[in-house]
Amino acid sequence: MFNLATKLSRLARGRSHSPTVVRLFSTKLHHHFKPNPVALQMIDYAFSLSRSQKSDESYGQGLLVLEQCESNQHDGNSKGLVLLAMSTLLSERGNFLEAIEKLNTIKDLKVSSFPLRVATMEALAGLHLELGEDDTSSVIADVCLNDLDANKPELDDGFGSLNARARALKGLTELVQGNTDSSQSCFTGAEDNLGIGNDALSYAEFLHTTRDFETAKKLYENVIKGIPENKDYSDPYNLAAGNMVWEDILLAATCGLGQLESHMGNFGDAEEILTRALTMTEERFGSHHPKIGIILTCIALMFRHKATMEHSSSLMVQEGLYRRALELLKAPQLETEVEQSKVYRKDIIALARGGYAETLCVQQNRKAVGEKMKRWAEGAWNNRRLSLSEALDLSKIIIIDARISRAL
């Protein structure tokens, strides 16, 4: 524990630009928690209100409802539950730092529910991954695992599923950093306790990257079929928050399955599934959200793969998809130096811009612009497993995780 605390302290000092301090919970744990029915009703109302118009105003109203709800709760578990919901709404609007702040507040409370605590750490790690703060996410996963191990006797039968969830979280952080062997070690031995949520999805993505397509497909399909119809906070073991909520799991699993079908050469199925993912994203976030740009990038890459395999051309389709994706992702102008371009989802922007550059470079009158675009994309690409050219090479496998907006 001393080494872990030292690591946390050093990491916190090195990242003063955002609230990345990882604090341990300090109260005795148990995993039996019955949510306050009134709080559940207010959370459900706040979500409905926020998502009704998908506007800054409607989300502001939803957050006000939750602030009032949180002030009326009198124990750490109930307050933590409301703060989880607040972090989700803030995350949906792209207010990641505020969402992280709400999640960090939970760790200052006397939260005894272990499922709630695991959901908090999972959401924190997910948001830091979306921000590109991979080291912080890795440490958060370590803390979660350490916390579980320290309280294993008290958790009894609940330990297996929570441990699998925490190990899958660690596996995802390793996969993002390109550490395939380390990622595999996280999943090994946890397979029998996987649920149908983030843990199963992360394992499916690992199998997908390592070309175990058959098992990955089964897992993607199991996640899609197994998502509970009731996605509220009434079941503590189904708690999720931030960019790791059930709706995002379903979207990412659908997107992952569509990409898998493309990698297997089943382009008709791939197009149908990715189109379904696009519709889901529009219904959840609205038609101008950056997440739409992520799905469009997946669709453009699928058309690129199809054209190559079938020796056909779809340059105009690809170009239109990449251009719209980059608009929605709020990609910096090409004149902006990569080092100065402080944007979210740089992984996806680089991938989309690299694919777009390829469509221009084969057109003689646009080659110069394509080369400039390619140089920018290569400078922005930060994946440790593959270079950008390898990511665009059909012999390699790259997956876009729609939860965390990263290329794996």
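In the predicted model, the packing of helix H9 against helix H11 brings Ala164, Arg165, Ala168, Leu172 and Leu175 of H9 into contact with Asp199, Ser202, Glu205, Phe206 and Thr209 of H11, contact being defined as heavy atoms within 4.5 Å. By class, this contact of H9 with H11 comprises 5 nonpolar, 2 polar and 3 charged residues; Ala, Val, Leu, Ile, Met, Phe, Trp, Tyr, Cys and Pro count as nonpolar, Asp, Glu, Lys and Arg as charged, and the others, Gly among them, as polar. H9 covers residues 159-176, and its axis lies 8 Å from that of H11 at an angle of about 40 degrees. Axes are lines fitted to C-alpha atoms, for helices over the stretch in contact, and angles between N-to-C directions run from 0 to 180 degrees. H9 is therefore oblique to H11, given that angles under 35 degrees count as roughly parallel, over 145 as roughly antiparallel, 65 to 115 as roughly perpendicular and the rest as oblique. The crossing of H9 and H11 is left-handed, a term used if the near helix is turned anticlockwise from the far one by less than a right angle, with right-handed used if clockwise.

H11 (residues 198-209) also packs against helix H13 (residues 246-263), at an angle of about 20 degrees and with the axes 10 Å apart. These two helices, H11 and H13, are therefore roughly parallel to each other, and their crossing is left-handed. On the H11 side the contact is formed by Asn198, Leu201 and His208, and on the H13 side by Ile249, Ala252, Ala253, Gly256, Gln259, Leu260 and His263. The contact of H11 with H13 has 5 nonpolar and 5 polar residues, and no charged residues.

H16 contributes Leu315, Gln318, Glu319, Tyr322, Arg323 and Leu326, while H17 contributes Ile349, Ala352, Arg353, Gly355, Tyr356, Thr359 and Leu360. Sorted by class, the residues in the contact of H16 with H17 are 7 nonpolar, 3 polar and 3 charged. Within H17, Thr359 has a relative accessibility of 1% and so counts as buried; buried means under 20% relative accessible area, exposed over 50%, and partly exposed in between (1.4 Å probe, protein chains only). When neighbours within four places in sequence are left aside, Thr359 is in contact with Leu315, Gln318, Glu319 and Tyr322.

His311, in the loop between helix H15 (290-310) and helix H16 (315-328), has phi near 55 degrees, a positive value in a residue other than glycine. The relative accessible area of His311 is 75%, so this residue is exposed. For Lys330, phi is likewise near 55 degrees, and this too is a positive value in a residue other than glycine. Lys330 belongs to the loop between H16 and helix H17 (346-361) and is exposed, with a relative accessible area of 56%.

A further buried position is Ser87, with a relative accessible area of 0%, which is located in helix H4 (residues 76-92). Not counting residues up to four places away in sequence, Ser87 touches Ala99, Lys102, Leu103, Ala241 and Gly242. Its C-alpha atom is separated by 9.5 Å from that of Leu63, 24 residues apart from Ser87 along the chain.

At the level of the whole protein chain, 19 helices and 2 strands are present; helices (H or I, at least four residues) and strands (E, at least two) are DSSP runs, numbered from the N terminus. The C-alpha trace spans about 65 × 45 × 45 Å along its principal axes. Of the 408 residues in the protein chain, 58% are buried. Among contacts between residues at least 6 apart in sequence, 67% join residues at least 24 apart.

Because this is a predicted model, local features need pLDDT of at least 70 and side-chain atom pairs count only at pLDDT 80 or more, whereas totals for chains, interfaces and linings use all residues. Residues are numbered from 1 along each chain as its sequence is written, and side-chain values use heavy atoms, with hydrogens and water left out.
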